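The sequence and structure come first.

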Amino acid sequence: MINKNKDQGLKQQDCSYLTFNVVDWIDVFIRPTYKQIIVDALNYCIEAKKFTVYAWCLMTNHLHMLARAQDGSGLAVIEKEFKRYTTTKILEAIDIEPDLRRSWMLQRFESCSLSLKKIEKFQLWQTCTNPSFIDFRQVYKLQERVLYIHENPIRDGIVDSPEHYLYSSATDYAGKPGLVKVQVINFEALRMALLKNGSA
């Protein structure tokens, strides 16, 4: 449900655009089991880590998000925990799933870990995230970034409309509950609140 509070964004003045890429652009997320791990991890961070997700989209080899950390611990801490947890769970799932790519994927993960001189045997996520800061007063930029995230499946030719793609928040922005407990941005209410407060 869209948040009708016209002051939303005035108390939450910033967020970050994040992209988590799989090493070597391996198409890990083509099986529902692997995708569900990401969904569960996002919901856990939202509920337990005071993590707010405004938009997200999981593709076969990367995850886009527009999000913010509320408790002051910073996105870096949540990102580290998220990547560590999802790596463990995905590796466990790969070991169980009847995936013909199992040996190949594990070999690539191990090779990437060695090249980065990591302690861990397997490296699933790329280390570079490059978060970009977006001020909530930049409504046009904020809206453009949400649209960009939701249109990923269209650009890849998977669906014709963003809301038809299950693993994103486009469904939430279309007025229906999605898989992850996102906070939908009411752009019109945000513009009105900014105008009222002389911030636009």
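Helix 1 passes helix 2 in a right-handed crossing. This is a predicted model. Helix 1 covers residues 32–48 and helix 2 covers residues 75–96; the two pack at an angle of about 150 degrees, with their axes 10 Å apart. Because angles over 145 degrees count as roughly antiparallel, helix 1 is roughly antiparallel to helix 2. On the helix 1 side, the contact is made by Thr33, Tyr34, Ile37, Ile38, Ala41, Leu42 and Cys45. Helix 2 contributes Ile78, Phe82, Tyr85, Thr86, Lys89, Ile90, Ala93 and Ile94. By class, the residues of this contact divide into 12 nonpolar, two polar and one charged.

Helix 2 also packs against helix 3 (residues 102–115), where the axes come within 10 Å and cross at roughly 150 degrees. That makes helix 2 roughly antiparallel to helix 3. The crossing of helix 2 with helix 3 is left-handed, whereas that of helix 1 with helix 2 is right-handed. From helix 2, Leu91, Ile94, Asp95 and Ile96 meet Arg102, Met105, Leu106 and Phe109 of helix 3. This contact has six nonpolar and two charged residues, and no polar ones. Ile94 of helix 2 takes part in the contact with helix 1 and in the contact with helix 3.

A further pair is formed by helix 4 (residues 139–150) and helix 7 (residues 187–196), whose axes come within 11 Å and cross at roughly 170 degrees. Helix 4 is therefore roughly antiparallel to helix 7. The crossing of helix 4 with helix 7 is right-handed. Val139, Leu142, Gln143 and Val146 of helix 4 meet Phe187, Leu190, Arg191 and Leu194 of helix 7. The classes here are six nonpolar, one polar and one charged.

| Helix pair | Axis distance | Crossing angle |
|---|---|---|
| Helix 1 and helix 2 | 10 Å | about 150 degrees |
| Helix 2 and helix 3 | within 10 Å | roughly 150 degrees |
| Helix 4 and helix 7 | within 11 Å | roughly 170 degrees |

The aromatic side chains come next. The structure holds seven aromatic pairs. One aromatic cluster is formed by Phe20, Phe29, Phe82 and Trp125.

Which residues lie over the face of Tyr148? Arg145 does, at 5.1 Å from the ring centre. Arg155 lies over the face of Tyr148 as well, at 4.1 Å from the ring centre.

Methods
Residues are numbered from 1 along each chain as its sequence is written. This is a predicted model: local features need pLDDT of at least 70, side-chain atom pairs count only at pLDDT 80 or more; totals for chains, interfaces and linings use all residues. Side-chain values use heavy atoms; hydrogens and water are left out. Axes are lines fitted to C-alpha atoms, for helices over the stretch in contact, and angles run from 0 to 180 degrees between N-to-C directions. Helices (H or I, at least four residues) and strands (E, at least two) are DSSP runs, numbered from the N terminus. Angles under 35 degrees count as roughly parallel, over 145 as roughly antiparallel, 65 to 115 as roughly perpendicular and the rest as oblique. A crossing is left-handed if the near helix is turned anticlockwise from the far one by less than a right angle, and right-handed if clockwise. Contact means heavy atoms within 4.5 Å. Ala, Val, Leu, Ile, Met, Phe, Trp, Tyr, Cys and Pro count as nonpolar, Asp, Glu, Lys and Arg as charged, and the others, Gly among them, as polar. Rings of Phe, Tyr and Trp (its six-membered ring) pair if their centres lie within 6.5 Å; planes under 30 degrees apart count as stacked, over 60 as edge-to-face and the rest as tilted. A charge sits over a ring if NZ of Lys or CZ of Arg is within 6 Å of the ring centre and within 35 degrees of the ring normal.
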